Amino acid sequence: FTPRFRRLAVVVVALAALAGAAAQSRASLRANPGKAPRPSVLWGAHIGDLFGLGSEAPWNMGNAADFSKQVGKRPSLIEFGVWWWGCDSGTCRLNPFPAAQMSAVRRFGAIPVLSWASGDEDDQADNRFPLQGIASGAYDSYILSWARAAKAWGHPFFFRFDWEMNLPSLWPWSPGTAGNTAAEYVAAWRHVHDLFVQAGATNVTWVWCANVVYPAAVPLAQVYPGPAYVDWVSLDGYNWGTHANAPPLSRWLSFSQIFAPSYSALTTRIAPGKPILIAEMASTESGGSKANWIANAYAEIPRVFPRIKAVLWMDRNNGDGLDWPLSSSASAVAAFRAAISAPAYASSEFSAISGGAIKPLDPTRTLTASSRIASTSGSRRVAAHGKRSRGAGRLNPSSRTSALSTRPPSENARRLLT
């Protein structure tokens, strides 16, 4: 997790500086008073192996079942990740599409949020899949194998590709790494998107995920592929508080302080009209009340941040020594349990959804398993350019896979992917 701490030392300081700006941003966000809403927000978690079952969800869905019992509600989203390249027992390979894991999530009644990292699971410093190569078609056969497998799987899912690209020189696909540029990132993204369209994978919902903004970050506009290539936009952000393992100068920050400036940027300038997914969030216990942080965050999302239509909690030990999982305290579990019991948060009733790109929940409609999500079908946009980066994000572990089956992420990947 060294690259992550290198980034966070900068990000945390910047977030502290932006706390005042967040207050101003919040002032411009209008609450929506009225009756208790019907479900309007998908919710879930990256569920680690916190119940002693040997591997995290979806490799062992027993963890998802135990998580649901812990919080009193079954999640509507389950997130996990796969690297392009991985090694197991001395054998290295390009990892295949994790159809078995996707089906396990669907049988559970949740929608998969699949994060795909165009990198080397065991060596993030190795620029094995440069952006220029992705954009120019050097890896088309592998990308197309995923696109065709996604189409063959056939059900709607969220696809979060090469996230946190606005963090300079952090991941192999970041601008600044090995000479990467923002323009190359955009070209690579568009090329991968176009190959999936070419393959007819209309069930893929494209999620463009940035880190919350800070002064040294790459401007979002420079790395945004454009509305024709993105279905949902997304953000990652954490409250590191005053934990002993937090980067220097870290301090306690509320959900609004962390996310409001980026939310405003997305909704007013970068992607007006696009729904927002919070792909990674969590809080420490150190420096404040984690229980209150959770309660306030989940209360604010549907009222103050109405464009946020999906949110995922980081419920795993990331190897950084931080207490992100809900099990850090009974009060945190109780607060989360109460928060997601609100009618705004949808339960796991999506085992039968079909169609194309996932649309936000419509709280004005009577909710059934088939109507909770409206999805668009038909042909997807076709564009130009290409993409192919590598590396991984802190949220998602790799899935070391063989040609015939998928396996749990390695301990090394779990340490790296915080």
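Okay, let's start with helix 5, residues 140-153: it has 14 residues and runs 20 Å from its first C-alpha to its last, close to the 20 Å expected at 1.5 Å a residue. Keep in mind, everyone, that this is a predicted model.

Which residues in helix 5 are buried? Quite a list: D140, Y142, I143, L144, W146, A147, A150 and W153. Here's a handy reminder when you look at that list: an α-helix has 3.6 residues a turn, so residues three or four places apart point the same way. And just after helix 5 you'll find G154, with a positive phi of about 90°.

Now, on to aromatics. How many aromatic pairs does a search of the whole structure find? It turns up 40. I'll show you two.

One of them is F159 with F196, a tilted pair, 5.2 Å centre to centre with 40° between the planes. F159 sits in strand 5, residues 157-161, and F196 in helix 6, residues 182-198, so this pair ties together parts that are 37 residues apart in sequence. Buried or exposed? F159 counts as buried because its relative accessibility is 0%, and F196, at 1%, counts as buried too.

The other is F255 with W293, and that one is edge-to-face: 6.2 Å centre to centre, 70° between the planes. Again we're linking distant parts of the chain, with F255 in helix 8 (residues 255-270) and W293 in helix 9 (residues 290-304), 38 residues apart. Both F255 and W293 are buried.

Last thing, a charge and a ring. The charged end of R74 sits over the ring of F108, and it's 3.8 Å from the ring centre.

How values were computed: Residues are numbered from 1 along each chain as its sequence is written. This is a predicted model: local features need pLDDT of at least 70, side-chain atom pairs count only at pLDDT 80 or more; totals for chains, interfaces and linings use all residues. Side-chain values use heavy atoms; hydrogens and water are left out. Rings of Phe, Tyr and Trp (its six-membered ring) pair if their centres lie within 6.5 Å; planes under 30 degrees apart count as stacked, over 60 as edge-to-face and the rest as tilted. Helices (H or I, at least four residues) and strands (E, at least two) are DSSP runs, numbered from the N terminus. Buried means under 20% relative accessible area, exposed over 50%, partly exposed in between (1.4 Å probe, protein chains only). A charge sits over a ring if NZ of Lys or CZ of Arg is within 6 Å of the ring centre and within 35 degrees of the ring normal. The expected span of a helix is 1.5 Å times one less than its number of residues.
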